[in-house]
Amino acid sequence: MEIKLAQGWVAARVTQVGQTGEELTTSHFPTLTTKGWMEAVVPGTVLATLLKNKQIPDPFYGMENENVPDIADAGRDHYTFWFCTSFQTPTAGKFSSVHLKFQAINYSAEVYVNGQQNSLPGGMFMRHSVDISSSVKAPGGQNFVAVIVHPPDHPGAVPPEGGQGGNHDIAKDVAAQYVLGWDWMTPIRDRNTGLWDEVSVSFTGPVSIQDPHLVTTFYDRFPRSYLESSAELVNSSAADVQCSISMHVTRDLHDEETGGAGDEDEGFCSVEGFSSSQLSIKAGSSTVYTLPQLFFNKPELWWPNGMGKQPLYKVEITVSVDGYEESDVWSHRIGFRQIETHIDPATGGRKFVVNGQPVYIRGGNWILSDALLRLSKERYDTDVGFHADMNMNMIRVWAGALAERPPFYDACDERGILVWQEFWITGDCNGRGVAPSDQSWPLDHGLFMSCARDTVKLLRNHASLALWVGGNEQVPAADINQALQYELRLNSSFGGDSGESNVLAVDVTQYLDGTRTYVQGSLWSGFGEGQGDWSDGPYGIQNPEDFFADNYYSYGFNPEIGSVGVPNAATIRATMPPTAWDPPKMEEVEGGYINDVPNETWDYHKYIPYCDPEKNVKSQICTYGKYTDLDDFCAKAQLANYVQYKALFEGWNSRMWEKYTGVLIWKNQNPWPGLRGGLYDFLLDQTGGFYGVQSAAEPVHAQLNLGSSFVEVVNATSDHLANAWLEASIWDVLGQCIYKETSKQLMLDAFKTTKLSQIRFDSITETNGVYFVLLKLFNKSGVQVSRNFYWLHLQGGDYSLLGADFRVKKVPVQVAATSQQKGDLLQITALVQNLPPNEISSRSSMRQGVHDASGIRVAFWLHFSLLQGTYDKQKADQRLLPVTYSVNYFSLVPEESLTVQISFKVPKGITPVLVLEGWNVDRLEIDYKAK
């Protein structure tokens, strides 16, 4: 039995509390009415608690972070806090052992329960279990808990010039390094001090289950599988015990039709395996017990996103003690899959292979979801879901932040996102940055390894976990690296990609992991140049066609490549004061370039420009015409975001498996309202870049090589597509189709980019400088499998023609929408049509805008949004977020239609308003008639 302690916490600064921990948990237990005490955020940080109680301004709003005291100036005591709560001893159930568990604390703590003290050592990534069996009250009694949490021992300082990780002192501890600020992040003033992950109380019998290890092995190229398993069994009693241990494996059938996984407590009804065995454990001792193998014939395989489904099986282990019955129960979901990785001899890049099939990696770097560590399953589900919606298949968890939490991995398991998890070393702080920077840090190597081992045990059973890496752009200290290499060595049965596991000479579950490769650093062994040289990047705006150049990137796998990331205007208004709502100033410089110079607040939020004269990149915003205000700037920024990130991935697609094995964007998101990089913003609104990536990363994708003008089809799947056909058409700004070509009977090999015909744009003279290209790929049955839309200009030109009359004269579009609601989840299906005026439907469910009576043209850059009620110009932000769209930021040529699936949770008391807007389309409020 387990009780989660997520509610009812109170907190106070240590300097404002006169009582001892013993007194706080006996005679002077605090409440919200006690002077100096406030409602606490647990899990969370001290800053999260202070913000909740309006004791500090919102550090993420504007430049308010400058008004929050930094620990370097205020001292460690300023952010040393007491956290108190209580719980009732259960009256139901039988137990003899009680433990107070902390999933993570930053940094060290003393714990008091009913007057008894325990000290917890430092280390941000260490679980703690405190035996409180002797101090817990009798059933029905109230127990009092007080925890004093200390900040990192070396919180560091932020120099006037900022820097990557401040003065780097934080690296002396085993803690997140980003908290001292980076070129994409403002400093976190409390250094993330707090009870930042789950706190719980477990009630068990004399024997408890700890850290089971589950491994799937395969034979006969996957039809035959075994589940290997072990668990540490701890006998906390004073007597020898006889016990039985059993394991049930059941299949999650909750969402089998869609291939997803349901709620962990729902739908497990298909029994797939069972084992039981007997053993004895001596008093006060523990043993690691290997359970009997379980055989599975043709289990449903777990696949990365875009390659198949993600079926999950629930494993439940129960230990029962003679004379006591059930003593403890543990459960976890697993996926049957085999992940292998090696350096590809053809490209020199690291290659990932899942279930015998190569995986072309298209993913991104991840910092964390919230820099105040207000972490939740709901947020993780949305974050990871967004990555899957973009058709990504990997997330790299960057070393300067966290060992990500189990709910993050649960979401990755469910959505098929492979995870590259790094340990807590960065080049900037650990020996390759501005001095002081020392590779020998942290000071306590034993603590680092204890945190590393504990992290591996916490995460190793997740199907999505693919790779361990020692650090970002650096290798850990020699003794730490050697220890990681040894303790994370592969079992001899793993390491190939044949779909075969050798007969296990040594029980793999006796290894710390044994199934995943360890790479010492992010620029070693098949990443970048492979020997540690600086070979990631670049970071900044690019000419879209440059991504396709033969000499653009020289190595097989790029672990970081970054660019721009301005969000929608509503996000700027929601996260900055009106004084910061001015867009960047346009500064004309030599050569016809227009620099965008941000205001002070945008600069504080790490804005990077959309122009780079040094690299001959003209303003990717002013190419659409000079912007007039914030809304115009942000609207044009979404166009630039879309083009930039789509071209990036398509450039890599063009050389799939010939030159490249993968690429990761730096970075997919920001843990605060940052303006550098990111495909969706901190408030969970998608940018144009989100949908550029979604298009380019399709498993089967038709694309235009912007360097050569060849049409290409990228087939990243294992399916050979025979007798497919592709339609390429070109349209001018007046809506005339000036070119159309159909390629038939295409043979599109698996895992290959196939080059088709070249479009001779130099022969097209009717465009007046700007034109649209539409590619549609169909399978042999006539089902559309890819649609890709481009807007292009003649060489040396720009997109100014998309302004003026093209934008002012509105195109008629019609939307027919229906919906269905299940609980608080509303799903809308919207059919958007671009029809000639005389074909406009008279159905009442259709809505149209004012249109140009002279004829139909391309409906350009349409996007849906949800509002929390009728539009009110006076309200800064009415958006309903988050919302999932099957596609957004799209365009329709004449007589074309597109179906968009929209889903979101409806807050209580809100009637959502669905809105469609576009570049040259009137704003429409859509009647979706919820049923």
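Author: Six strands make an open, antiparallel sheet in the order β3-β2-β4-β9-β6-β7. Strands are DSSP E runs of at least two residues and helices are H or I runs of at least four, numbered from the N terminus; two strands pair if DSSP finds at least two bridges between them. This is a predicted model, where local features need pLDDT of at least 70 and side-chain atom pairs 80 or more, while totals for chains, interfaces and linings use all residues. Residues are numbered from 1 along each chain as its sequence is written, and side-chain values use heavy atoms, without hydrogens and water.

Reader: Which strands stand at the edges?

Author: β3 (38-39) and β7 (116-120); each has a single partner strand, so one side of each lacks a neighbour in the sheet.

Reader: How many bridges between β2 and β4?

Author: Four, joining residues 10-13 of β2 to residues 81-88 of β4 in the antiparallel sense. V10 has C84 in β4 as its bridge partner.

Reader: Switching to the core. Which residues have the most contacts inside the largest one?

Author: L100, Y178, W791, L802 and F864, in a nonpolar core of 202 residues. Such a core is a set of buried Ala, Val, Leu, Ile, Met, Phe, Trp, Tyr and Cys residues joined through side-chain atoms within 4.5 Å, buried being under 20% relative accessible area with a 1.4 Å probe, protein chains only.

Reader: Which helix gives the largest share of this core?

Author: Helix α6 (residues 445-459), with eight residues. A second, separate core has 30 residues, among them Y313 and F336.

Technical notes. Buried means under 20% relative accessible area, exposed over 50%, partly exposed in between (1.4 Å probe, protein chains only).
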